[in-house]
Amino acid sequence: HSLGAEDAHGILQTRELPLLPELVKLEHVQHRSTEELRKLSVTVLQRTLAFCPKQDPFAAFAARLAQDNVTQHGLAYWHKYAFATLRQCGSAFELARDYLQWLDPALQPIAEECEQIAHHSKTLILKGARAANGKKSLDAKDALQAMGAHWQAVINALLARFV
């Protein structure tokens, strides 16, 4: 699914997030060795890689960010937007970094590419806050191009090794 500018604006104007209850039942937990978990994890990773975008998602985000010009709506709006986009992206790539380091120490160079994406996400959050505070445009082009290059390096390396 995709949201248009009006939809995204409406979502960001809500005062409350919907309740997302989670329940974890532990009575069926199976204890496995780390090596077995890694092997199972590779199977899941291989399946997941089939769903990767074919083109740089950061290029698409850059175009959308420029089109929406969200920093013109002020700091409060920017915080909501940044949390729903850049913060989630940064968190996801930090988790990907940790996962790759756990999966195999030889994947450290790929993990470092993930770390760079997370770093750029954090930088853009702060840069966007400064722009939004003054209701100025955000120049995110260079950072998002760098994020796209790091993403492509991650995808290329994972596909070469696991597919």
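This is a predicted model: local features need pLDDT of at least 70, side-chain atom pairs count only at pLDDT 80 or more; totals for chains, interfaces and linings use all residues.
The protein has six helices and zero strands, and its pattern along the sequence is α-α-α-α-α-α. Of its 163 residues, 32% count as buried. Among contacts with a separation of 6 or more, 77% join residues 24 or more positions apart.

**Helix H3 against helix H6**

- Helix H3 covers residues 57–68 and helix H6 covers residues 141–162; the two pack with their axes 8 Å apart, at an angle of about 160°.
- H3 is therefore roughly antiparallel to H6, since an angle over 145 degrees counts as such.
- H3 and H6 cross in a right-handed sense.
- On the H3 side the contact is made by Pro57, Phe58, Phe61, Ala62 and Leu65, and on the H6 side by Leu144, Met147, Gly148 and Trp151.
- Sorted by class, this contact of H3 with H6 holds eight nonpolar residues, one polar residue and no charged residues.

**Helix H3 against helix H4**

- The axes of H3 and H4 cross at roughly 170° and come within 13 Å.
- That angle makes H3 roughly antiparallel to H4.
- H3 contributes Phe58, Phe61, Leu65 and Asp68 to the contact, while H4 contributes Trp78, Tyr81, Thr85, Leu86, Cys89 and Phe93.
- The residues of the contact of H3 with H4 comprise eight nonpolar, one polar and one charged.
- Phe58, Phe61 and Leu65 of H3 take part in the contact with H4, and these residues also belong to the contact with H6.

**Thr85 in helix H4**

- Thr85 is part of helix H4, which runs over residues 75–103.
- The side chain of Thr85 comes to 2.7 Å from the backbone oxygen of Tyr81.
- Both Thr85 and Tyr81 are among the H4 residues in contact with H3.
- Thr85 and Ile125 are separated by 40 residues in sequence, and their C-alpha atoms are 9.5 Å apart in space.

**Ser121 in helix H5**

- Ser121 belongs to helix H5, residues 108–133.
- Ser121 counts as buried because its relative accessibility is 0%, which is under 20%.
- With neighbours within four places in sequence left aside, Ser121 is in contact with Leu86, Cys89, Gly90 and Met147.

**Loop residues with positive phi**

- Most residues other than glycine have a negative phi.
- Asn69 is not a glycine, yet its phi is positive, at about 50°.
- Asn69 is found in the loop between H3 and H4.
- Asn69 has a relative accessible area of 28% and is therefore partly exposed.
- Lys135, likewise not a glycine, has a positive phi of about 50°.
- The loop between H5 and H6 holds Lys135.
- Lys135 counts as partly exposed because its relative accessibility is 49%, and exposed would require over 50%.

Definitions and conventions:
Residues are numbered from 1 along each chain as its sequence is written. Side-chain values use heavy atoms; hydrogens and water are left out. Helices (H or I, at least four residues) and strands (E, at least two) are DSSP runs, numbered from the N terminus. A polar contact is a pair of N or O atoms within 3.5 Å; within protein, one must be able to donate a hydrogen and the other to accept it, and residues adjacent in sequence count only if both atoms are side-chain atoms. Axes are lines fitted to C-alpha atoms, for helices over the stretch in contact, and angles run from 0 to 180 degrees between N-to-C directions. Angles under 35 degrees count as roughly parallel, over 145 as roughly antiparallel, 65 to 115 as roughly perpendicular and the rest as oblique. A crossing is left-handed if the near helix is turned anticlockwise from the far one by less than a right angle, and right-handed if clockwise. Contact means heavy atoms within 4.5 Å. Ala, Val, Leu, Ile, Met, Phe, Trp, Tyr, Cys and Pro count as nonpolar, Asp, Glu, Lys and Arg as charged, and the others, Gly among them, as polar. Buried means under 20% relative accessible area, exposed over 50%, partly exposed in between (1.4 Å probe, protein chains only).
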